[in-house]
Amino acid sequence: MQDSFFTISKTSESLYKEKGSKFIGIALPARTEDEVKEKLEEIKKAYYDARHHCYAYILGADGAQYRANDDGEPNHSAGDPILGQIRSKELTNTLVVVVRYFGGTKLGVSGLINAYKIAAAEALEQNKVVEKLITNSVKFIFPYEEMNEVMKLVSDFELEIVSQNFEMECELKAEVIVSKTEELRNKVTLLQNLSHPIQFDIPE
């Protein structure tokens with residue numbers, strides 16, 4: 001099971017010129033299609049006078065959601081080369097937009113493919129690639145006397161504590177690496193069978 005994925009950490013830009021046309025590459029992190037739409041709108045407003053706003057994105061830990069858009073350029077001459085650059089770096093949750101200002105000279109399909117590819121590649125080169133862990137949210141509810149057992153689970157399974165409330169009845173929320181989730185559930189079940197009153201839940 002995949003425990004992590006690679007994405008970019010910030011917004012970065014590039015500038016490529018070919019026969020008078022300017023290609024501005026913008027690479028930025030995005031986690032959802034709504035976020036992609038928002039960022040596209042911002043870029044279109046910022047570069048409202050450009051001829052084309054071509055883009056591609058890949059979303060999801062498994063990279064299953066993706067799209068390439070030529071925005072009026074010949075079919076597959078812009079979006080696909082941009083998408084290819086995101087894929088070549090094995091990135092997800094990544095949006096790359098290439099804004100084109102037409103310079104008066106047509107580049108032909110092969111020229112366009114090359115220009116969009118270079119602009120996208122250079123924008124990504126200016127960025128920083130980061131590895132993100134894939135986790136599940138988990139919740140424990142337990143009496144205070146079970147604190148040691150729960151904190152041992154936190155340590156043994158390298159849980160990242162999100163919030164904790166220690167009173168007569170304690171609640172602890174944490175993140176567990178996805179591949180360790182089932183093992184953690186089995187361990188809690190074992191403790192329950194040994195009469196430890198620890199409730200365990202994976203909220204939807």
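Analyst: Four strands form an open sheet in the order S9-S10-S8-S11, and their pairing is antiparallel. Helices (H or I, at least four residues) and strands (E, at least two) are DSSP runs, numbered from the N terminus, and two strands pair if DSSP finds at least two bridges between them. The edges are strand S9 (160–165) and strand S11 (199–201), each of which pairs on one side only. From one strand to the next, the twist averages 15°.

The model is predicted: local features need pLDDT of at least 70 and side-chain atom pairs count only at pLDDT 80 or more, while totals for chains, interfaces and linings use all residues. Residues are numbered from 1 along each chain as its sequence is written, and side-chain values use heavy atoms, with hydrogens and water left out.

Three bridges join strand S8 (residues 135–143) to S11 in the antiparallel sense. Lys139 has Asp201 as its bridge partner in S11.

Helix H4 (residues 147–156) packs on the sheet and touches S8, S9 and strand S10 (169–177). Contact means heavy atoms within 4.5 Å. The direction of H4 makes about 165° with that of S8; axes are lines fitted to C-alpha atoms, for helices over the stretch in contact, and angles run from 0 to 180 degrees between N-to-C directions. H5 also packs on the sheet, touching S8, S10 and S11, and its direction makes about 160° with that of S11.

Thr181 lies in helix H5 (residues 181–193). Not counting residues up to four places away in sequence, Thr181 touches Asn136, Val176 and Ile202. Thr181 counts as buried because its relative accessibility is 5%; buried means under 20% relative accessible area, exposed over 50%, and partly exposed in between (1.4 Å probe, protein chains only).
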